[in-house]
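Entries follow in the order I made them.

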Amino acid sequence: LVDGALEGTSAVTVASGATLGGTGSVFASSSTNTATVQNGGILSPGSSGAGVFTVNGNLAMAGGSNLNIDITGNTAGTQYDQVIVNGTVDVSGANLSAAHSYTPGSLDNYTIISNDAADAVTGTFAGLAEGGTITAGGNGTVLTASYAGGSGNDITLTAPVLATVTSVSSSIANGSYKAGDVIAVTVTFSDAVTVTGTPQLTLET
């Protein structure tokens, strides 16, 4: 773990089987050095919980390398992991793993790699194109990826739109009904929903 500032480092390589994490930084400010995560290496921001790891230079994630992100809320650094890169970002063929453990709000957004300036991200994570989805570990939230999110060149994950009830109606006339009577009720949602179990309807009287 790197929880301080390694400003005198000229290069960082995360070899296969090794993990680079913490809430610190590597390289001096405005460096052009590169942190390389090799095939089988792991970049996992944060220490005992969510955290921000900073690369004051370039980040190159090789094919087969891994970025692990924990998400417990929508605040970077305290509730979800983030990598800040003050240089270029290359994730060509790297693997992204996300663990999600809270009920998100509609379209909650997570900037998992904050890319400085205006340079575009190079490449995409393995099997995850722009607008593609990943099913997070934990509660199985489906997240949509973008490589042009945030300020226009950040890597973001976005939670789904939460469906809302737009109308409740029935073709049955108003009146008094006894126990056992069947009343058909139509509930319309703003988006497609999957209903499991037996829905419960509370009537106001």
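I began at threonine 144, which stands opposite threonine 158 in strand 17. Strands here are DSSP runs of E, at least two residues long, numbered from the N terminus; two strands pair if DSSP finds at least two bridges between them. Strand 16 and strand 17 run antiparallel and are joined by 4 bridges. They make a hairpin with 4 residues between them, and glycine 150 in the turn has a positive phi of about 60 degrees.

Before going on, I noted the ground rules. This is a predicted model, where local features need pLDDT of at least 70 and side-chain atom pairs count only at pLDDT 80 or more, while totals for chains, interfaces and linings use all residues. Residues are numbered from 1 along each chain as its sequence is written, and side-chain values use heavy atoms, with hydrogens and water left out.

Next I checked the other partner of strand 17. Strand 13 is joined to strand 17 by 4 bridges, and the two run antiparallel. Threonine 111 has threonine 156 as its bridge partner in strand 17.

How many of the residues of strand 17 (residues 154-158) are buried? I found 5 of 5, with buried meaning under 20% relative accessible area, exposed over 50% and partly exposed in between (1.4 Å probe, protein chains only). Both faces are covered: Asp154, Thr156 and Thr158 are buried on one side, and Ile155 and Leu157 on the other.

I then looked for a parallel sheet. Strands pair through backbone hydrogen bonds, either parallel or antiparallel. Here 4 strands form an open sheet with parallel pairing, in the order 2-5-8-11. Strand 2 (12-14) and strand 11 (89-90) are its edge strands, each pairing on one side only. Inside that order, strand 5 (residues 34-37) and strand 8 (residues 58-61) run parallel and are joined by 4 bridges. Valine 37 stands opposite methionine 61 in strand 8.

Aromatic pairs came next, and I found 2 in the structure. Rings of Phe, Tyr and Trp (its six-membered ring) pair if their centres lie within 6.5 Å; planes under 30 degrees apart count as stacked, over 60 as edge-to-face and the rest as tilted. Tyrosine 80 and tyrosine 110 form an edge-to-face pair, 5.4 Å centre to centre with 75 degrees between the planes. Tyrosine 80 lies in the loop between strand 9 (66-71) and strand 10 (82-85) and tyrosine 110 in strand 13 (residues 109-115), so this pair ties together parts that are 30 residues apart in sequence. Both tyrosine 80 and tyrosine 110 are buried.

Phenylalanine 125 and tyrosine 147 have ring centres 6.2 Å apart and planes at 40 degrees, so I logged the pair as tilted. This pair links distant parts of the chain, 22 residues apart: phenylalanine 125 is in the loop between strand 13 and strand 14 (133-135), and tyrosine 147 is in strand 16 (residues 142-149). Phenylalanine 125 and tyrosine 147 are both buried.

I also looked up threonine 54, which lies in strand 7 (residues 52-55). Is threonine 54 buried or exposed? Its relative accessible area is 16%, so threonine 54 is buried. Leaving aside neighbours within four places in sequence, threonine 54 is in contact (heavy atoms within 4.5 Å) with Gly24, Ser25, Val26, Ile84 and Asn86.

Then I checked phi. Most residues other than glycine have a negative phi. Serine 30 has a positive phi, near 65 degrees. Serine 30 is in the loop between strand 4 (25-26) and strand 5, and at 68% relative accessibility serine 30 is exposed. Alanine 117 also has a positive phi, about 55 degrees. Alanine 117 sits in the loop between strand 13 and strand 14 and is exposed at 63% relative accessibility.

Last, I looked at the second largest pocket. A pocket is an open set of points on a 1 Å grid over the protein atoms alone, where a 1.4 Å probe fits, with protein on both sides within 12 Å along at least five of seven lines; lining residues have an atom within 4 Å of a point. Val165, Val168, Val187, Phe189, Val195, Pro199, Gln200 and Leu201 line the second largest pocket. Strand 18 (165-169) and strand 19 (186-189) each supply at least two residues of that lining.
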